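Reader: Please show me the structure, and then let us go through one residue and its surroundings.

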Amino acid sequence: QVQLVESGGGLVQPGGSLRLSCAASGNSFGTYAMGWYRQAPGKQRDLVAAITSGGSTNYADSVKGRFTISRDKSRNAVYLQMNSLEPEDTAVYYCNARRTIMAVTYDYWGQGTQVTVSS
């Protein structure tokens with residue numbers, strides 16, 4: 001099992017930057033695919049960016065070129081660097097860890113961190 005704790009959210013002006021961090025505890029962190037999701041009020045939770053255990057990444061179209069996901073296996077951490085932030089990026093951001101074992105997928109979530117982009 002994996003426990004996840006996000007940090008780094010806050011209030012930022014349009015065009016600004018934030019770096020979210022997700023600290024993971026538990027076994028076998030390096031074997032998990034990690035992702036950042038976000039959920040705005042009244043909307044579903046959507047994938048923002050993901051990184052596999054091998055380091056391959058994918059991004060939602062809305063954040064390509066602005067956000068970068070990375071992981072540090074030695075620190076059991078995953079990061080989301082967010083640049084050129086827009087008001088539409090305002091949401092609660094959640095860290096996710098996912099692993100599939102024998103066709104069963106296990107998902108773990110952090111508590112979320114609020115990101116507000118406003119002038």
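Reader: Leaving out residues up to four places away in sequence, which residues does Arg45 touch?

Author: This is a predicted model, where local features need pLDDT of at least 70, side-chain atom pairs count only at pLDDT 80 or more, and totals for chains, interfaces and linings use all residues. Residues are numbered from 1 along each chain as its sequence is written, and side-chain values use heavy atoms, with hydrogens and water left out. Contact means heavy atoms within 4.5 Å. By that rule, the residues that Arg45 touches are Tyr37, Arg38, Gln39, Tyr94 and Trp109.

Reader: Where is the place of Arg45?

Author: Strands are DSSP runs of E, at least two residues long, numbered from the N terminus. Strand S4 covers 33-39 and strand S5 covers 46-51. The place of Arg45 is the loop between S4 and S5.

Reader: How far apart in space are Arg45 and Ala60?

Author: In sequence, Arg45 and Ala60 are 15 residues apart. In space, C-alpha to C-alpha, the distance between Arg45 and Ala60 is 12 Å.

Reader: Which residues does Met34 contact, leaving aside neighbours within four places in sequence?

Author: The contacts of Met34 include Leu4, Cys22 and Phe29. Others among them are Ala49, Ala50, Ile51, Ile69, Arg71, Val78, Cys95, Asn96 and Ala97.

Terms used
Helices (H or I, at least four residues) and strands (E, at least two) are DSSP runs, numbered from the N terminus.
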